[in-house]
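Please read these points with the model open beside you.

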Amino acid sequence: MACVSLSDLHAGWAEQSVCVRLSCLWNYRGGLENGPVKVVHMVLLDAQGNHGYATVPTDILASHINMLHEGVVYEFSRFAVLPRPIILNPVDAPLMIRFTQFIVIKNCFHLNDEFPEWTFHLTPINELPPTNDTPQNYIDVIGVITTISPVKAIRVPHTLRQVFKRCVLLSDHNGNELGITLWGERAIRFNGESVHFMGQTEPAVVIFVGATVFVNEGSKELSGGCACKWYVNHDIPDINIFRSRLPPSFPAIECLPAPSSIILQAQHADVLPTTLLTHLMNINLYHKEAGTFRCNVIITRVSHLKKWWATFCTSCHYMSMPAATSLTQPDVYTCGRHGCSSTSATIGYTLFVLAKDRSREDVELFGSKGQ
């Protein structure tokens, strides 16, 4: 079957074939650095330079996860074509490919030199979009690296889990600066020592792709998770043009110590204090006590006396209740937090379990912990 370009795909399950380079690939692990892969995401490029987005869903991962490699040209056929998701799109194509159990994958190594390697949509670092809980697209930026922090391990609040982070500061031609924080495996893979050495003799111009916007101390910055990728001093036209506009003299890259916090609150690396459930239930919230403890308990059973789900405010995540007008306006809610005017809510888990240590108390698990 003849291959079509990515721009000529049409939605549906009709048999279609494409020949593409797998430009970028990342694994989504549900927020757990070492958790099982839940979805494989890919950015594709055809010979005409059209870009596309594809995913391998959980139910067929085992059959295909080891067959896909970044940078290789493949022919894909027998897949589904769907509208792109409403959030976090790596490209601006209106449709996306989703692998099915019928997918056919053929290696085309002999075509590697005939396909482009990169795709991105650069946003000036002083024109970042506003922060959003559901951003429509990933952000791609270009700049010259001025500072790099070392990798630092910090503890995620209220857990025993640690995550790695590294901060990189960029600058454009007009002196505008932008910080990007790399998390987890991305913080480790970014070779800060090599880039710092390079930046002592020449400007280190970088393109970061697949980042999201957040606000840190009133300033917009970028966050780079599993979807983030970078190209430092690659032979890419945008990098060459940016470099040609830099002044002849440039400051060498500075290596700074990691700041104490960016998004997650850094906590001491010692073992969390162990306490009893009874102590937690009697903590005076108006006194300044340590806010994170470890309880060793035995879960005896799940309580069926309460619902396993509830509605939570989409703004402050406090528990919400249907508004008084719910009979005529079923999608309107009243937030339980005083002063919050949000009228929208989402459903979340609320799991009640009976647990015991030397004391015995009910325990309530919310959100992903309940799930």
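1. A residue is called buried if its relative accessible area is under 20%, exposed if over 50%, and partly exposed in between, using a 1.4 Å probe and protein chains only. By this rule, 40% of the 371 residues in the chain are buried.

2. The model is predicted: local features need pLDDT of at least 70, side-chain atom pairs count only at pLDDT 80 or more, and totals for chains, interfaces and linings use all residues. Residues are numbered from 1 along each chain as its sequence is written, and side-chain values use heavy atoms, with hydrogens and water left out.

3. How high is the mean pLDDT of the chain? The mean is 84, and 87% of the residues reach 70 or more; pLDDT is the predictor's confidence in each residue, from 0 to 100. Over residues 259-270 the value stays under 50, and the model has 34 contacts there beyond four places in sequence. A contact means heavy atoms within 4.5 Å. Where pLDDT is low, the predicted coordinates should not be read in detail.

4. The chain contains 6 helices and 21 strands. These are DSSP runs numbered from the N terminus: helices are H or I with at least four residues, strands are E with at least two. Of the contacts between residues at least 6 apart in sequence, 63% join residues at least 24 apart.

5. An open sheet is formed by 7 strands in the order β5-β6-β3-β2-β1-β4-β7, with mixed pairing. Two strands pair if DSSP finds at least two bridges between them. At the edges are β5 (80-83) and β7 (104-107), each of which pairs on one side only. On average, neighbouring strands of this sheet are turned by 40 degrees against each other, direction ignored; the axes are lines fitted to C-alpha atoms.

6. Strands β1 (residues 17-28) and β2 (residues 39-45) run antiparallel and are joined by 7 bridges. Along this pair, Cys 24 stands opposite Val 43, and Trp 26 stands opposite His 41.

7. Why is β2 largely enclosed by the rest of the structure? It is so because 6 of the 7 residues of β2 are buried.

8. On to the next pairing: β2 and β3 (residues 51-56) are antiparallel over 6 bridges. Leu 45 has His 51 in β3 as its bridge partner. The hairpin of β2 and β3 has 5 residues between the strands, and Gly 49 in this hairpin takes a positive phi near 90 degrees.

Note on methods. Axes are lines fitted to C-alpha atoms, for helices over the stretch in contact, and angles run from 0 to 180 degrees between N-to-C directions.
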